[in-house]
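Here are my notes on the model you sent over. Have the structure open while you read.

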Amino acid sequence: MLAIITSGIAPGLALLCYFYLRDKFEVEPIGIVLRTFIIGALLVFPIMFIQYAFMKEGVLQSSWNQAYLLSGFLEEFFKWFILYFTVFQHEEFNERYDGIVYGVSVSLGFATIENILYLFANGIEFAFLRALLPVSSHALFGVVMGFYLGKGKFATCKNRRVWLSLSCLLPVVLHGTYDYILLTIKEHWLYIIIPFMIVLWMIALKKVKEANKLDEPNDMGFITKSENISN
């Protein structure tokens, strides 16, 4: 049991530490980050119940519906909802990169509990593959979500809706596509999912770099807080 729990937790904590330490200017209070992680972990249970209810009723059971609605939309929307109503207005959310930290935190909280439950059901031999694919993908969806939340946080009121909409929509599309690949390609699925994950990592690392660049102090020593749609 201890081995399964350790194997289930380790990838999420490692990825969280990685993205947490990529903040170049001001790391977030660890208490708030851990609280967000725990909230993400607790999200697993109501979402699993909703997904189970749809499955038992035979509703939305096509591959597309399962991938984009029951997994992509349901999971990413609830993560976004938690972030928007718990940390978006928090005073510690004072840099664009902070959105990435919190987005990764809530996503990895969710992924960690999901991972532990999967390993208990299917065996520890899947731990390595789970770390490379589902856990990592949740972290990368969180990067995208958090990046656009950060853009929205410091955007003008006119442009804020655009960034906030993207912060929810893009992770839904990415998550849905990831699941759709796994659900529909029965043979040689690794040939599709590995390039997809490489592209996802490239996108996420680019967003990390861009967020830190946007947070750089200007010539007067202040971080620019507002931006327009052209950024």
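The points below go from the whole chain down to single residue pairs.

1. First, the ground rules. This is a predicted model, where local features need pLDDT of at least 70, side-chain atom pairs count only at pLDDT 80 or more, and totals for chains, interfaces and linings use all residues. Residues are numbered from 1 along each chain as its sequence is written, and side-chain values use heavy atoms, with hydrogens and water left out.

2. On confidence: pLDDT (the predictor's confidence in each residue, from 0 to 100) averages 92 over the protein chain, and 94% of the residues score at least 70. Watch residues 226–231, though, where pLDDT stays under 50. The model has 17 contacts for that stretch beyond four places in sequence, a contact being heavy atoms within 4.5 Å.

3. The fold is seven helices and zero strands (DSSP runs numbered from the N terminus: H or I of at least four residues for helices, E of at least two for strands). The radius of gyration is 18 Å, close to the 17 Å the globule rule gives for 231 residues, so the chain is as compact as a globular protein of that length. That radius is taken over C-alpha atoms, and the rule is 2.2 Å times the number of residues to the power 0.38.

4. Of the 231 residues, 47% count as buried (buried is under 20% relative accessible area, exposed over 50%, partly exposed in between, with a 1.4 Å probe and protein chains only).

5. Now the surface. Ile38, Leu42, Phe45, Met48 and Leu117 make a nonpolar patch of about 480 Å². Patch residues have over 30% relative accessible area and no salt bridge; like charges are joined within 9 Å, and nonpolar side chains (Val, Leu, Ile, Met, Phe, Trp, Tyr) within 5 Å. Areas come from the Shrake-Rupley method with a 1.4 Å probe, and for residues only the protein chains shown count as cover. Helix H2 (residues 30–57) gives the largest share, four residues. Leucine 117 sits in helix H4 (residues 96–122) and, at 35% relative accessibility, counts as partly exposed.

6. How many salt bridges does the structure hold? Two, each being a side-chain nitrogen of Lys or Arg within 4 Å of a carboxyl oxygen of Asp or Glu. Lysine 79 pairs with glutamate 76, closest N and O atoms 3.0 Å apart; both lie in helix H3 (residues 63–86), three residues apart, about one turn of the helix, and both are buried.

7. The other bridge joins aspartate 215 to arginine 96, with closest N and O atoms 3.5 Å apart. This pair links distant parts of the chain, 119 residues apart: aspartate 215 is in the segment after helix H7 (190–214), arginine 96 in helix H4. Aspartate 215 is buried at 0% relative accessible area, and arginine 96 is buried at 3%.
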